[in-house]
Amino acid sequence: MVDKRPAAIARCGSASDVAAGIRFARDTALPLSVRGGGHQIAGAAVVEGGLVLDLSPLRAADVAPEQGTVTVGGGALLSDLDRACARYGLAVPAGLVSHTGIGGLTLGGGIGWLSTSRGLTCDNLLEVEIVTAAGDTLVVGPDARPELFWALRGAGANFGVVTRFVFRARPLAGVVIGHRNFPLRAAAGALAHLGEVIDGLPRELAVLARLQRVDRAPALTVEWVWSGGLAAAESGVGALGIGGEAEVSRVLRFAEVQSRQDHRFPHGGLYYLKPTHLAGLGRSQIEALIYGAADLPAGDPQIEVLRLRGAVADVDQDASAFPRRSAAFGVNVAASWTDPADTEAQFRWARRAHAVVEAEGTGGAYLNFVGTEGPDLEVVFGRVALDRLRRVKREYDPDDIFQPAAHITPT
């Protein structure tokens, strides 16, 4: 999907390396891109004919268990963070795929299995070290350049290169995971039940409904992760009440859960994602989801419906740039295939399914799922927040050097 040829790649092992790379790009008028984990499907990490700042040498993850914090480099992956925290029985809310870069995930918000109980990844961010377009290295937090800290939590990599993140880490031992499959003919009833009970579920119960192919036929899989302690797992999971016996229900370490989706997003695959939000699961929303799943193309297509609200909605909308905190569900229409000859058919399916679901939704998009077709940022953020983000952009990147997939311009 991405076949670009940069003029040079700078492998950065420090903030001073990043600053030198930025100054070189400015002096030579080279376009610039930043590679954190290399996971984002739009390919913004690689720039044609320009300079790539590769942060992959910055993967250290250092835990301070007494303070309940973990410091990670800007090139670290979720697996680096999860493994470091697991040694001390701690966890930071993060995404669903272990080879995701922690930098892009955090700057775009960070939705995952712990979101409803512990908030987004960016909600657990305490401090960053960032190199600006001028080549200055700044330490930014709630009391140090708070407007920039506001923008960094949810508006992507538009304002500089973050070389270090400091997160709050809290205790988490084993979690209980499970799932149940429904044939497509039974999906409407299962989704309707989920819509009825979702607001009353414990926050510690993460729920992901996935319309996908099971045994070669379209189906609904309802997955859950319980993080509220093993003693309360039976009652916590029982609140979901989807009936019958779960096909899988077992105890795992959280770091193990974080890698269970990796097989769906292998490196080198072909991908196309279209995100949106839903306010609930009423009849029209369910019909739209099932319509999208009725003609799944080849490969590994899926429509993900992830439970939100809870701790995500506890944070005031104006406290960070992350948009749409009141949404009940995040939806991701995801096409995944291997044969380039199937590309146009995959695009058609994803666009058609997304259009039908979005018509029943609240609009907007989770920026970490944005592909090459950038969304209308005024719809995503709203006019007031977007104007505020542009003021921050003008202060820290007036010449618009940093242009991620969800690109905010200075004017």
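1. Basis of the model. Residues are numbered from 1 along each chain as its sequence is written, and side-chain values use heavy atoms, with hydrogens and water left out. Because the model is predicted, local features need pLDDT of at least 70 and side-chain atom pairs count only at pLDDT 80 or more, whereas totals for chains, interfaces and linings use all residues.

2. Overall fold. The protein has 13 helices and 17 strands (DSSP runs numbered from the N terminus: helices are H or I with at least four residues, strands E with at least two). Its radius of gyration is 21 Å, close to the 22 Å of the globule rule for 411 residues, so the protein is as compact as a globular protein of that length. The radius is taken over C-alpha atoms, and the rule is 2.2 Å times the number of residues to the power 0.38. The C-alpha trace spans about 65 × 50 × 40 Å along the principal axes.

3. Of the 411 residues, 56% count as buried (under 20% relative accessible area, with a 1.4 Å probe and protein chains only). Among contacts (heavy atoms within 4.5 Å) with a separation of 6 or more, 71% come from residues 24 or more positions apart.

4. Helices α9 and α11. The axes of α9 (residues 283-293) and α11 (residues 343-359) come within 8 Å and cross at roughly 170 degrees; the axes are lines fitted to C-alpha atoms over the stretch in contact, and angles run from 0 to 180 degrees between N-to-C directions. The pair is therefore roughly antiparallel (angles over 145 degrees). Ala288, Leu289, Tyr291 and Gly292 of α9 meet Trp349, Arg352, Ala353, Val356 and Val357 of α11. By class, this contact has seven nonpolar, one polar and one charged residues; Ala, Val, Leu, Ile, Met, Phe, Trp, Tyr, Cys and Pro count as nonpolar, Asp, Glu, Lys and Arg as charged, and the others, Gly among them, as polar.

5. Gln258. This residue is placed in the loop between α8 (254-257) and β15 (270-278). Gln258 counts as buried because its relative accessibility is 0%. Its side chain reaches the backbone oxygen of Gly95 at 3.1 Å. Beyond its neighbours within four places in sequence, the contacts of Gln258 include Leu78, Asp82, Val97 and Trp113.

6. Ser33. Strand β2 (residues 32-35) holds Ser33, which is buried at a relative accessible area of 5%. A polar atom of the Ser33 side chain lies 2.8 Å from the backbone oxygen of Ala45.

Definitions and conventions: Buried < 20%, exposed > 50% of the residue type's maximum accessible area, 1.4 Å probe, protein only. Polar contact = N/O pair within 3.5 Å; in protein donor to acceptor, adjacent residues only side chain to side chain. Parallel < 35°, antiparallel > 145°, perpendicular 65-115°, else oblique.
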